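Let's walk through this model together, one question at a time. Have the viewer open and follow along.

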Amino acid sequence: MKRNIGFIGTGNMAKAIIGGIVKSGYTDPHDVYASNRSIAKLIDIKEEYRINVFEDNLSVAENCNIIFLSVTPNVYPDVIEEIRDGIRDDAIVIHIAAGQTIAQSEKHFQRKIKIAKAMPNTPVNVGEGMTSISFNRFVTEEEKEEIRALFESFGKVEFIDESLMDIASAVGGSSPAFVYLFIEALADAAVLYGMPRNNAYKIAAQSVLGSAKMVLESDDHPGKLKDDVCSPGGTTIESVASLEENGFRSAIIDAVKANMEKLKK
Ligand SMILES: NC(=O)C1=CN([C@@H]2O[C@H](COP(=O)(O)OP(=O)(O)OC[C@H]3O[C@@H](n4cnc5c(N)ncnc54)[C@H](O)[C@@H]3O)[C@@H](O)[C@H]2O)C=CC1
Ligand SMILES: O=C(O)[C@@H]1CCC=N1
């Protein structure tokens, strides 16, 4: 079935997804529609991807049968009220708001709507996204596979129970920010020792990419992969000991706890 794909809100996450589906060839830009209350942002995205843009959200709802609600969670109630009556019966609404449940969205819709709750991350823009997804009871098995194919066009997908969506948001949605901090810090250290920044970012980022690939593609535990880098009496174990002394691992666990606390508010 041919579907038009709509985005209500064209901020950072929507732009990353639009980039992902257009660059992967999953969809033709002519079949993509977007609205934003900021005309400047609409002009930008139209120039970048040649998609259709509207100043009003209802037009996107009326023209599309996959609709991303890509506004921040506080705006969900108003946006849902605006588009409620224009949503087509065959449409699947993809709700990406962190911390908002499917039940909350269903309550605002006040009618039977097919909802997928998806938690993507910005690397979807370069075909390396990670998206966790759950569905409400109105989405058929065939439609679930259609949504999987959409998200797989720009990365990996896990179907999870909705009760795990908050932790998926912290560990999948937010974690790229943690990784960028790590890469930035590694590169700053390289610059401290005289390396030009362009070399530093490439060496730091490719090392992170390769390490992640080892975790995904070998059957080894991350601890074993770490052990393999630490030559006896060598340099790496000195760094590992320093990271442990500075609470590296507990800092990451605390960061995830802070994320979960915020999601509860
Ligand atoms: N940024 C990320 O990495 C991720 C974000 N998300 C979720 O995506 C959603 C959007 O987040 P971001 O893109 O980061 O925020 P953002 O602030 O960059 O984008 C939101 C956009 O919505 C527009 N907007 C605000 N009110 C509107 C309205 N009434 N009608 C139409 N457009 C309106 C704003 O102008 C803005 O462009 C949030 O619900 C967030 O939880 C989920 C996963 C990852
Ligand atoms: O910062 C946020 O609230 C969103 C959710 C996951 C990533 N960004």
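Q: Where is the place of R50?
A: This is a predicted model, in which local features need pLDDT of at least 70, side-chain atom pairs count only at pLDDT 80 or more, and totals for chains, interfaces and linings use all residues. Residues are numbered from 1 along each chain as its sequence is written, while chains are lettered from A and ligands numbered from 1 in the order in which they are written. Helices (DSSP runs of H or I, at least four residues) and strands (runs of E, at least two) are numbered from the N terminus. On that basis, R50 is in the loop between helix 2 (39-49) and strand 3 (52-54).

Q: What is the phi of R50 near?
A: Most residues other than glycine have a negative phi. R50 is a residue other than glycine with a positive value, near 60°.

Q: Is R50 buried or exposed?
A: A residue is buried if 20 or more other C-beta atoms lie within 10 Å of its own, exposed if 12 or fewer, and partly exposed in between, with C-beta atoms placed from the backbone. R50 has 12 other C-beta atoms within 10 Å, so R50 is exposed.

Q: What is the phi of Q110 near?
A: Q110 lies in the loop between helix 5 (102-109) and strand 6 (114-119). With 11 other C-beta atoms within 10 Å, Q110 is exposed. Its phi is positive, in a residue other than glycine, and is near 55°.

Q: How many helices and strands does the protein chain have?
A: The C-alpha atoms of the chain fill a box of roughly 70 × 40 × 30 Å along the principal axes. Buried residues make up 30% of its 265 residues. The secondary structure comes to 11 helices and 8 strands.

Q: What distance separates the centres of domain 1 and domain 2?
A: The bounds, which come from an automatic or database domain assignment, are 5-160 for domain 1 and 168-264 for domain 2. Contact here requires C-beta atoms, placed from the backbone, within 7 Å, and 9 residues of domain 1 are in contact with 6 residues of domain 2. Taken over C-alpha atoms, the centres are separated by 31 Å.

Q: Which residues touch the most other members of the largest nonpolar core?
A: In soluble globular proteins, nonpolar side chains tend to be buried together. A nonpolar core is a set of buried Ala, Val, Leu, Ile, Met, Phe, Trp, Tyr and Cys residues joined through C-beta atoms within 7 Å. The largest such core has 48 residues, and those touching the most other members are I67, L69 and I94.

Q: What separation do the C-alpha atoms of L69 and V93 have?
A: L69 lies in strand 4 (residues 66-69) and is buried, with 25 other C-beta atoms within 10 Å. Leaving aside neighbours within four places in sequence, its contacts include I8, Y76 and V93. L69 and V93 are 24 residues apart along the chain, yet their C-alpha atoms are separated by 7.1 Å.

Q: Which residues does the UniProt annotation "binding site" cover in the run that includes I8?
A: I8 lies in strand 1 (residues 5-8) and is buried, with 29 other C-beta atoms within 10 Å. G9, in the loop between strand 1 and helix 1, counts as buried with 25 C-beta neighbours inside 10 Å. UniProt positions follow the numbering used here, with shortened feature names, and annotations may be inferred rather than shown by experiment. The unreviewed entry covers I8, G9, T10, G11, N12 and M13.

Q: In which helix is N57 found?
A: The unreviewed UniProt entry also places a "binding site" feature at N57. N57 is buried, with 25 other C-beta atoms within 10 Å, and its contacts beyond four places in sequence include I8 and S35. N57 is found in helix 3 (residues 57-63).

Conventions. Contact = placed C-beta atoms within 7 Å.
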